[in-house]
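I wanted to know what lines them.

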Amino acid sequence: MLKSFQNLTRFERGLWLVSVAAVLVSAIFGGKENLPSALCSLIGVTALIFIARGDVLGQILSIAFALLYGIISLTFSYYGEVLTYLGMSLPMALLSLISWLRHPYKTEERKEVAVGHVGAPEAVLLFALACLVTLIFYFLLKALHTANLGVSTLSVATSFVAAYLTFRRSPYYAIGYAANDLVLIVLWILAAAADLRYLSMVVCFVMFLLNDLYGFVSWQRMRRRQAAGK
């Protein structure tokens with residue numbers, strides 16, 4: 001972990017520090033009861049900065065984030081988030097960890113995951129799977145009387161697409177997660193309006209959005225660099 005931190009660029013360290021500072025400030029205003037959400041957010045933003053680098057440590061931290069986030073979501077009856085993260089994102093993070101470990105890209109200067117490619121036929125399959133998963137989750141969430149059902153269902157769709165693309169090591173995973181971040185910002189604003197304890201989750205996903213946008217840029221650079229054999 002120490003070596004992974006040392007390998008961060010100056011910009012990446014700055015982005016991580018800004019993200020951590022924003023989460024901590026929101027936690028201070030939220031009070032002691034906000035500490036679990038703040039811890040979850042800190043793990044999340046740290047995971048994203050390493051995923052943006054193609055560092056397998058990011059996937060390990062994603063597993064911890066999915067577990068803690070699912071528990072926090074349960075406290076606000078966001079069963080969609082509970083099912084999505086514990087029933088889908090957590091297993092997909094485990095599969096992604098295995099996939100990344102099996103597909104390393106090593107040079108004398110760096111060690112990172114090999115960038116993958118999702119072609120048109122697989123993209124069509126992904127769309128069909130996303131529709132099927134979203135439909136199934138919609139009826140499950142409706143039966144559980146999930147809060148903010150429409151937004152929660154949309155979160156399932158974007159989460160599945162993002163998780164699948166992460167597993168396939170596609171740079172477009174970051175676009176999928178950025179879309180999911182926007183959905184979750186809305187979802188947790190609704191929660192924070194009822195209980196300020198959840199304000200840190202809003203800040204968390206705003207920082208996630210910035211990190212995921214950077215992740216897309218970083219992975220495009222990785223793709224070009226690896227294609228050139230560097």
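I started with the largest pocket, where H9 gives the largest share of the lining, 5 residues. I was working on a predicted model throughout. I also listed H1 (2-6), H2, H5 and strand E2 (111-113) as each supplying at least two residues of that lining. The volume of this pocket came out at about 640 Å³. I counted 25 lining residues, and the closest to the centre are Arg53, Gly54, Asp55, Lys111 and Glu112. By class I noted 10 charged, 9 nonpolar and 6 polar residues.

Next I took the second largest pocket, with about 190 Å³ of space. Its lining includes His117, Tyr172, Gln220 and Arg223. Helix H6 (120-143), H7 and H9 each give two or more residues here. I sorted this lining into 7 nonpolar, 4 polar and 1 charged.

How many cavities of 30 Å³ or more does the structure hold? I found 1. The largest cavity has about 280 Å³ of space. It is lined by 21 residues, and Ile51, Ser62, Phe65, Tyr85 and Tyr177 lie nearest its centre. H5 gives the most to this lining, with 5 residues. Among the other helices supplying at least two are H3 (35-51) and H4 (57-75). I logged 12 nonpolar, 7 polar and 2 charged residues in the cavity lining.

Last, I looked at the surface. Val25, Ile28 and Phe29 form a nonpolar patch there, with about 370 Å² of accessible area together. I placed Val25 in helix H2 (residues 10-30). Is Val25 buried, partly exposed or exposed? I put Val25 down as partly exposed, because its relative accessibility is 43%.

Methods. Residues are numbered from 1 along each chain as its sequence is written. This is a predicted model: local features need pLDDT of at least 70, side-chain atom pairs count only at pLDDT 80 or more; totals for chains, interfaces and linings use all residues. Side-chain values use heavy atoms; hydrogens and water are left out. On a 1 Å grid over the protein atoms alone, a cavity is a set of points where a 1.4 Å probe fits but cannot get out, and a pocket is an open set with protein on both sides within 12 Å along at least five of seven lines; lining residues have an atom within 4 Å of a point. Grid points are joined across faces, edges and corners, and a volume is the space filled by probe spheres set on the points. Helices (H or I, at least four residues) and strands (E, at least two) are DSSP runs, numbered from the N terminus. Ala, Val, Leu, Ile, Met, Phe, Trp, Tyr, Cys and Pro count as nonpolar, Asp, Glu, Lys and Arg as charged, and the others, Gly among them, as polar. Patches are made of residues with over 30% relative accessible area and no salt bridge: like charges are joined within 9 Å, nonpolar side chains (Val, Leu, Ile, Met, Phe, Trp, Tyr) within 5 Å. Accessible areas come from the Shrake-Rupley method with a 1.4 Å probe; for residues, only the protein chains shown count as cover. A salt bridge is a side-chain nitrogen of Lys or Arg within 4 Å of a carboxyl oxygen of Asp or Glu. Buried means under 20% relative accessible area, exposed over 50%, partly exposed in between (1.4 Å probe, protein chains only).
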